[in-house]
Amino acid sequence: MNLEVYNPKNTEEVLDLLNSYKRDAKLIAGGTDLVLDLREKKIKPKAIIDISNLDELKYIKKDDNYIEIGACTTFTDIEKSEILTDNLKGLKKAASEVGSPQIRNRGTIGGNICNASPAADIVPPLLSLDATVVIKSKENIREVSLEKIFLNKGKIDIKEDEMVSSVKFKNIKGKLGFYKLGLRKALAISKIATAIYIEKEDNICKEIRIGNGALGRHGLRERKVEDYLINKEINEAIIEASATLLSGEIEKRLKGRSSLEFKKEAVKGTFKKAFKDAL
Amino acid sequence: MKEIKFNVNGKTHKLNIKEDERLVDTLRNRLGLTGVKEGCSEGECGACTVIMDGETVTSCTVLTFQAKDSEIITIEGINGENKIHPIQKAFLDEGAVQCGFCTPGMILSAKVLLDKNPEPTREEARKAISGNLCRCTGYNKIVDAIIKASKYLKREGN
Ligand SMILES: Cc1cc2nc3c(=O)[nH]c(=O)nc-3n(C[C@H](O)[C@H](O)[C@H](O)COP(=O)(O)OP(=O)(O)OC[C@H]3O[C@@H](n4cnc5c(N)ncnc54)[C@H](O)[C@@H]3O)c2cc1C
Ligand code: FES
Ligand code: FES
């Protein structure tokens, strides 16, 4: 088999290893996705590089413009963070509803993004925050909009010698809401997750971003519904009409899938709940 | 093989492990700590829960080489000696153990909760064990036991 495992001491060492192994290497953070993939032989790396112990990738920090979260920050860290204030509760809520306490203690924000599951729970709130992903390689640092990083189910646009080092977003004025519909209470890969960011003035919707999970090949923004809501007065009728519009979008997107009948109805409920959570 | 050093139940171990060995396998097969149970093997059931650097983890989703230099506590080490721990006593007194397969993981989840929050509500106790599945008890008695354990621990003054 010839598998080598590494415990690098800092990001530089990680990037050196990635640079020499290229696609034969896999990073492991919390391992909550990777260990299962390894066991099921879905992946057969020649090297596994542990980043779970790198404190320099575990932080949540805020300056005048941005909030930045290190790739190896766990869901538990996010859930408990005091830097993430009340208007960002949608992000904390998404983290606090992942899997179980044990999974939240290990699972990381970077792993959640890079695993690129359509149902990755931290993705919808980050999409609604219009987050940017900071990607590093030995030679380069680049920043990409999270929305643009997903190529397909399970596939993101990072090169074999690159790693995600953090995620950042502009400090918000409005409020972020989140609602997830899961099958079981504690352990449910979300079947639908909706995050909504709203900035309003005199009850007029001045800015809105809607991120959905498990309603497509990967998390995505619902631009049609956003365009519909912008500059409208927020009231029950408008929320209802937006939910119907969204349901129609989902119907087009999931055409031919067995989950369609359920999801096109259920999404109305998750949308309305996430919306109210953001008010 | 890869050599790693870590601390389990207060003792330092230097071991040669397979590169892709999971922590659950190392603890059970190399160290004989069979109180660590393997149920689902995919992070769902919590039977393999251990405490790693103060937090509960499912040892079937951790590779042992990642545990380098860490401190691990299994049910065998919960009291440091062969004495019964107040949480264990509370589980027995409340009849919270039936087949017992979930019990080590439950007790370790309860321990981390009580270490951080000595007087949890029933709701907090439920949340703390939400990653530990039990097929037998229906959970109520386990929650009763955690609340009772908080009283035992208080009486002991720790
Ligand atoms: C029982 C159980 C319940 C779960 N419940 C949920 C749930 O409710 N919601 C949810 O969204 N997910 C859930 N998950 C999935 C999983 O926990 C998350 O996706 C988690 O965020 C993965 O993070 P990790 O650090 O464990 O990733 P790992 O398993 O370590 O890595 C995942 C992938 O990302 C890559 N990777 C990791 N970090 C980086 C990085 N910094 N740069 C580049 N690549 C990287 C790895 O190479 C690997 O391919 C669950 C998993 C289990 C086992
Ligand atoms: S055996 Fe590890 S969680 Fe079930
Ligand atoms: S006592 Fe049997 S699984 Fe909990």
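Q: How far does a backbone N or O atom of G99(A) lie from an oxygen atom of ligand 1?
A: The model is a predicted one. A polar contact is a pair of N or O atoms within 3.5 Å. The backbone N or O atom of G99(A) and the oxygen atom of ligand 1 are separated by 3.0 Å.

Q: Which residue has a polar side-chain atom 2.9 Å from an oxygen atom of ligand 1?
A: L34(A) reaches an oxygen atom of ligand 1 with a backbone N or O atom, at 2.7 Å. The polar side-chain atom at 2.9 Å from a ligand oxygen belongs to N112(A).

Q: What percentage of the area that ligand 1 exposes when taken alone does the protein bury?
A: Taken alone, ligand 1 exposes 980 Å². Of that area, the protein buries 94%.

Q: Why is the site of ligand 1 shared between chains, and which chains are involved?
A: The shell around ligand 1 holds 34 residues, and among those that come nearest are L27(A), T32(A) and T108(A). The site is shared because the residues that surround ligand 1 come from chains A and B.

Q: Which element supplies the largest share of the shell around ligand 1?
A: In chain A, strand 2 (25-28), helix 6 (109-115) and strand 10 (163-170) each give at least two residues to this shell. The largest share is 5 residues, and its source is helix 6 of chain A.

Q: How many residues of the shell around ligand 1 are nonpolar?
A: The shell includes 11 polar and 6 charged residues. The nonpolar residues number 17.

Q: Which three residues supply 25% of the area that chain A buries against chain B?
A: The contact between the chains takes 31 residues from chain A and 31 residues from chain B. About 2400 Å² is buried between chain A and chain B, with 54% of it from carbon and sulfur atoms. On the chain A side, 25% of the buried area, more than any other three residues give, comes from V5(A), Q102(A) and R106(A).

Q: What area is buried between domain 1 and domain 2 of chain B?
A: The domain assignment of chain B gives domain 1 (2-77) and domain 2 (86-156), and their centres, taken over C-alpha atoms, are 21 Å apart. In the contact, 17 residues of domain 1 of chain B meet 13 residues of domain 2 of chain B. Carbon and sulfur atoms give 67% of the area buried between these domains, which is about 1200 Å².

Q: With which side chain does the side chain of E199(A) make a polar contact?
A: E199(A) lies in strand 12 (residues 192-201) of chain A. Leaving out residues up to four places away in sequence, E199(A) touches several residues, including K173(A), G174(A) and I204(A). At 2.6 Å, the side chain of E199(A) makes a polar contact with the side chain of Y197(A).

Key: Residues are numbered from 1 along each chain as its sequence is written. Chains are lettered from A and ligands numbered from 1 in the order in which they are written. This is a predicted model: local features need pLDDT of at least 70, side-chain atom pairs count only at pLDDT 80 or more; totals for chains, interfaces and linings use all residues. Side-chain values use heavy atoms; hydrogens and water are left out. A residue is near a molecule or strand if one of its heavy atoms lies within 4 Å of it. A polar contact is a pair of N or O atoms within 3.5 Å; within protein, one must be able to donate a hydrogen and the other to accept it, and residues adjacent in sequence count only if both atoms are side-chain atoms. Accessible areas come from the Shrake-Rupley method with a 1.4 Å probe; for residues, only the protein chains shown count as cover. Helices (H or I, at least four residues) and strands (E, at least two) are DSSP runs, numbered from the N terminus. Ala, Val, Leu, Ile, Met, Phe, Trp, Tyr, Cys and Pro count as nonpolar, Asp, Glu, Lys and Arg as charged, and the others, Gly among them, as polar. Domain bounds come from an automatic or database domain assignment. Contact means heavy atoms within 4.5 Å. Buried area is the accessible area (1.4 Å probe) that two parts lose on being put together, summed over both.
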